[in-house]
Amino acid sequence: MSNTRVLTASEVAAHASRESCWIIVHGKVYDVTDFLDEHPGGSKIILKYAGKDATEAYEPIHPPDAITTNLPKEKHLGAIDASTLVKVVKEVTPEEKRRQALMAARPPLDNVLNMHDFENVAKMVLPEKAWAYYSSASDDEITLRENRMAYQRVWFRPRILRDVSSVDWSTTILGQKSSLPLYISATALGKLGHPDGELCLTKAAANHGVIQMIATLASCSFDDIIDAAAPGQTFFLQLYVNRDREITKKYVQHAERRGVKGLFITVDAPQLGRREKDMRMKFVDDDAGAEVQKGQEVKKDQGVARAISSFIDPSLSWKDIPWFKSITKVPIILKGIATGEDAILAYEAGVQGIVLSNHGGRQLDTSRSGLEVLVEVTTALRRRGYFPDPKFEIYVDGGVRRASDVLKAIALGAKAVGVGRPFLYAFCAYGQEGVERAIQLFRDEFEMNMRLLGARTIDEIVPEMVDASSLSAHTVLTPDDKLFSNTYQPLSLAKFKEAKL
């Protein structure tokens, strides 16, 4: 059947069963009958939209080309005649009304003073499913919290009486200029939280000279993000490796042709962790479509994360590194290193860098923070004579909320730091302007902290400026000063406008 055919809404509506299931996505009609049982999120969600326009449900949780990539060409039936579609008046639920009221009552952007404020606003204004997906971590979420607490076990040793009238926190990352010693780390499914999705990051990053890492599972297509870029804007690519290596090869080589400057291969996700906040959201769905699935095994507890990621290859191993080096000249970085032993193997494999990461606490719970692993890794590499090496850079991600966190990581040997959720929450709460505000807040904090630390450039952030002796002591307690505690007024988060509530 030619995909130039134009179909009417009534023709599509006639195919609304398990035996013959057509759906409309972005103005095109697809026959997904044979794909029902293969769909990672289960057949139930597709059958809910059988014979209907599924675009609104599809768009936030799929890369734009997911359906065209996964369905054979003969299942692409043609275009829908838009004039035949009945405009559905969407019922605004009480929950949505409340969310809209909260959006209207958001704190003014000038009142947002730190990354925690962005997270607090995002938590209030995001749909429940989006918040569950973004904020969730694996199992008991111990590593999620440890990522943050680790930075609080490292203490500064500031130097004084240095001329810090001028301080410069710019740097290079993989040889690419960056106005900050951090990059925007990859986070998936931006459109769950904002209609413009990852484009909010792209435009803000362009205005401030910050490097953006594009996620394999971005809601916006790779090309849409690149097309929205400013001339000369720098991008990295985060890669989940597909079981079908030909798909991976085409994706990587296309990214290279379009100017991506670094390939960050995620190596800590042979299977997704159990992110229970996200998984529970499957139980919130109504039972539409359940009748036609009698006798079918339906997994309701997989969540958004599982639904979008079943293509990831669990067989990925060290033996694949030469293959990656054969298909691209872009610098290769392994994202998800968690031990000194694997850092040594990465160096000896000839890659250009590593990210010490536990996937934002979303994979193996009670794995250590990237900051703690950093001390082990630099020690192990130094023993072999592998560190420092300007051709091998070390990055850290997870838990960063302040410029002071970044400076601690740099002092301990990191070249730069990846920041994911804070920028995600910034655009979920305030769009592109939120990301620009977040970048400005980081800039202000870098200026203050570097002056107080006695460092005029990033190169002057040295190991002697921090005390990390308690970093690996996970049960360290600091004495509670009762008098101070009784008089101390805790910091507060940005306030919502009560009058609008």
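**Helix, loop, cysteines and rings**

Me: This is a predicted model. Over which ring does the charged end of Lys 408 sit?
Reply: The charged end of Lys 408 is 5.3 Å from the ring centre in question. Lys 408 belongs to the buried residues of H17. The ring under its charged end is that of Phe 156.

Me: How many of the residues of helix H17 are buried?
Reply: Helix H17 covers residues 403–411. Its buried residues include Ala 403, Asp 405, Leu 407 and Ala 411.

Me: Which residue just after H17 takes a positive phi?
Reply: The phi is about 120°. The residue is Gly 413.

Me: Is Asn 358 buried or exposed?
Reply: Asn 358 is found in the loop between strand S13 and helix H16. It touches, among them, Thr 143, Asp 268 and Asp 397. A polar atom of its side chain lies 3.0 Å from the backbone oxygen of Arg 368. The cut-off for buried is under 20%, and Asn 358 has 5% relative accessibility, so it counts as buried.

Me: How many disulfides does a search of the whole structure find?
Reply: Cys 200 is in no disulfide, and its nearest cysteine sulfur, that of Cys 220, is 8.0 Å away. Cys 428 is in no disulfide either; the sulfur of Cys 200 is the nearest, 8.4 Å away. A disulfide needs sulfur atoms within 2.5 Å. The search finds zero.

Me: What is the relative accessibility of Cys 200?
Reply: Cys 200 counts as buried. Its relative accessibility is 2%.

Me: How many aromatic pairs are there, and how far apart in the chain are Tyr 183 and Tyr 395?
Reply: The count comes to 13 aromatic pairs. Tyr 183 and Tyr 395 form an edge-to-face pair, 5.9 Å centre to centre with 90° between the planes. Tyr 183 is in strand S8 and Tyr 395 in strand S14, so the pair links distant parts of the chain. They are 212 residues apart.

Me: Which residues form one aromatic cluster with Tyr 183 and Tyr 395?
Reply: Tyr 183 counts as buried at 0% relative accessibility. Tyr 395 is buried too, with a relative accessible area of 0%. The cluster also holds Phe 236 and Phe 264.

Me: Why is the pair of Tyr 347 and Phe 392 edge-to-face?
Reply: The ring centres are 5.0 Å apart. Edge-to-face needs planes over 60 degrees apart. The pair is edge-to-face because its planes are at 70°.

Key
Residues are numbered from 1 along each chain as its sequence is written. This is a predicted model: local features need pLDDT of at least 70, side-chain atom pairs count only at pLDDT 80 or more; totals for chains, interfaces and linings use all residues. Side-chain values use heavy atoms; hydrogens and water are left out. Buried means under 20% relative accessible area, exposed over 50%, partly exposed in between (1.4 Å probe, protein chains only). Helices (H or I, at least four residues) and strands (E, at least two) are DSSP runs, numbered from the N terminus. A polar contact is a pair of N or O atoms within 3.5 Å; within protein, one must be able to donate a hydrogen and the other to accept it, and residues adjacent in sequence count only if both atoms are side-chain atoms. Contact means heavy atoms within 4.5 Å. Rings of Phe, Tyr and Trp (its six-membered ring) pair if their centres lie within 6.5 Å; planes under 30 degrees apart count as stacked, over 60 as edge-to-face and the rest as tilted. A charge sits over a ring if NZ of Lys or CZ of Arg is within 6 Å of the ring centre and within 35 degrees of the ring normal. Lists of a residue's contacts leave out its neighbours within four places in sequence.
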